[in-house]
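Biologist: I am new to this structure. Please take me through one part of it closely, the aromatic rings, and then whatever connects to that.

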Amino acid sequence: MSDDNRFWWPFDLSPAEEAATGAFRERMRREPQALDVGAATLAADLLAHMMGRHVRAILERDSLPHTCHLLNGWGNARLDGRPLLEHLEPFVHRDEAGRPYILQRDPEGEFHPWQAIAYTVMAGVDPLHPLPGVRASFKDIALNSRQLNVTDGIELGHLLYALAALEPEPRADTAPFLMGADVCDVTALMERAVDAHHHGGFEVCRKVHLTEGLCAAAANIRGMERFRKDAQGFLEGQLDILFVLGAALEQVDLLAARGEKGGPGTLLHQLRESLLIDSPLENHCYYVGHLIELATLAHVAGFPIPQETWSAMAFVANRLNHTFPRFLPHTVFAECFLHFGHYRRAITLLLEVDRARAGGRALTPADFARYTVDFDCLPPLPAGVSLDAAGPAPTGEGLYTLAPPPAGGRPEFEAIVARYSQGASAHLKARGGFPHFRRMAPPSWPRAFHYELLDYGGDVGAEIHLESDAVRPLGPRVQALRERVAGRFPGLEVTWDGGWSRGRGRLRVLFPAGTPVERVASGIQTLVEETFADLDAAASGLSVPVAPWALPLATPASSPVVPPAR
């Protein structure tokens with residue numbers, strides 16, 4: 001398979017792997033497979049119920065990448081009477097003209113540009129769905145978020161997928177996008193994406209999202225039709241990976257029938273090594289989920305999907321849907337929910353596409369949104385089905401492993417956080433769920449400006465952080481408070497660190513290891529009491545400006561894209 005002049009193919013398989021993959025492909029041609037609708041539906045329901053146990057803790061992490069993956073796997077779900085989409089509101093900034101947007105590739109916003117926006121589109125959410133807290137629709141917020149803060153075309157997949165739905169008709173005055181020092185129109189983005197697919201790395205979900213974005217944009221954005229051939233070539237290479245995954249799952253069946261395990265020396269082990277997924281079941285769901293998602297969305301965009309590929313999707317989904325429910329109660333679900341979220345979105349899309357194909361119709365927005373969960377009213381699971389672990393994990397069978405639990409936070413630090421939050425006002429309670437830090441700030445402050453408890457593994461800092469250029473102007477005001485703060489903490493190290501966060505700065509009160517929990521917890525409260533009044537008005541009124549090239553251009557889209565004159 002590696003020497004057949006493919007347009008794009010990422011693997012160099014051994015002869016044995018080539019033979020197994022080719023045999024599996026031929027079987028899919030000879031023996032068409034149908035999706036087991038009952039198993040797929042139950043798998044989706046199990047993942048809905050499992051997420052119901054963890055959704056609040058995940059939202060408590062106060063991270064847009066985590067929140068957007070909830071939207072990806074469970075839709076614009078209802079929780080405590082509110083749609084999940086409203087949890088994007090704390091990440092929305094406003095520019096000097098009052099326009100709302102989300103920072104891109106920034107700790108205070110997206111990790112991958114337009115990731116949350118793409119997953120919201122993929123969830124079938126109406127683009128005009130309002131976010132009442134910011135008095136704007138998610139489409140308005142998306143189309144104002146044009147500073148990408150990346151230079152690598154490998155990062156453009158989510159953006160191109162969402163842009164195809166939200167801005168399919170670029171106009172002469174359509175605002176460009178900023179990538180580093182380069183100002184790009186959509187054609188330039190497409191060119192960079194194609195180049196990155198040929199030559200770039202595999203950091204962003206193995207280029208699957210890049211393929212997804214190219215297919216959607218080539219099919220739906222006016223003027224991008226010339227990229228369709230590239231998109232088709234990349235798509236075919238990506239979807240052929242399903243046959244390698246299918247061959248691996250066939251090996252699981254063969255080993256299980258013989259009562260054997262899948263360790264080194266087996267063909268299963270070789271295939272997994274080539275796929276770079278090793279033995280964790282979560283990795284299998286993640287990769288299969290991404291590829292099924294790609295195939296179904298490409299089909300919706302009008303790209304032909306061969307019948308053997310539909311069969312391969314049904315085969316791998318059926319195998320995993322019958323396998324992972326036994327493992328699910330034993331997973332560290334909150335740490336691997338991204339894997340299962342992509343998988344749930346994939347199998348629910350496959351269900352809807354199968355129904356639409358059987359009816360000879362195209363998918364509608366209602367079809368895309370049908371998988372959405374209501375966490376406030378989850379229907380009961382079938383009798384006899386439970387998510388509680390009973391007995392040892394099936395990993396003892398030797399065919400799959402499970403991802404190990406992560407190292408948790410120090411008990412002493414967790415005790416400090418809990419003690420502080422007991423006495424803090426509602427708008428200044430510690431937020432987030434990361435093991436080594438917690439933030440505190442009212443909703444009116446930019447997210448990049450906050451108080452923070454930071455664990456150094458022994459010492460603990462009670463700090464004020466500035467973590468974006470937008471809040472840099474507050475640095476002198478915070479620095480000026482150092483002497484006053486030091487007066488409240490005699491004997492402790494109180495410093496202004498001007499090099500913190502690329503020179504934006506922080507004020508730190510350092511409590512040495514062994515300081516009683518009560519002393520540190522009361523210390524952060526003292527820091528807040530001493531400084532909050534001085535900082536609140538300035539922080540609450542701070543806007544986050546955008547550069548002039550983020551404003552609409554008056555030049556035609558086909559003209560060379562240059563920043564407008566000031």
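Modeller: Trp74 is buried, and Phe333 is buried too. Buried means under 20% relative accessible area, exposed means over 50%, and partly exposed lies in between, using a 1.4 Å probe and protein chains only. This is a predicted model: local features need pLDDT of at least 70, side-chain atom pairs count only at pLDDT 80 or more, and totals for chains, interfaces and linings use all residues. Residues are numbered from 1 along each chain as its sequence is written, and side-chain values use heavy atoms, with hydrogens and water left out.

Now the rings. A pair of aromatic rings is described by the distance of the centres and the angle of the planes. Rings of Phe, Tyr and Trp (its six-membered ring) pair if their centres lie within 6.5 Å; planes under 30 degrees apart count as stacked, over 60 as edge-to-face, and the rest as tilted. The count is 17 aromatic pairs. One of them joins Trp74 and Phe333 edge-to-face, at 6.4 Å centre to centre with 80° between the planes. This pair links distant parts of the chain. Trp74 sits in helix α3 (residues 64–74) and Phe333 in helix α13 (residues 333–359), 259 residues apart. Helices here are DSSP runs of H or I with at least four residues, strands are runs of E with at least two, and both are numbered from the N terminus.

Phe333 also pairs with Phe340. Their centres are 6.0 Å apart and their planes meet at 15°, so this pair is stacked. Both Phe333 and Phe340 are buried.

A charge sits over a ring if NZ of Lys or CZ of Arg is within 6 Å of the ring centre and within 35 degrees of the ring normal. Arg345 places its charged end over the ring of Tyr371, 3.5 Å from the centre. Arg357 lies over the face of Trp310, at 4.1 Å from the ring centre.

Val252 belongs to helix α9 (residues 228–258). Val252 is buried, with a relative accessible area of 8%. Leaving out residues up to four places away in sequence, Val252 touches Leu268, Arg272, Leu399 and Tyr400. Contact means heavy atoms within 4.5 Å.
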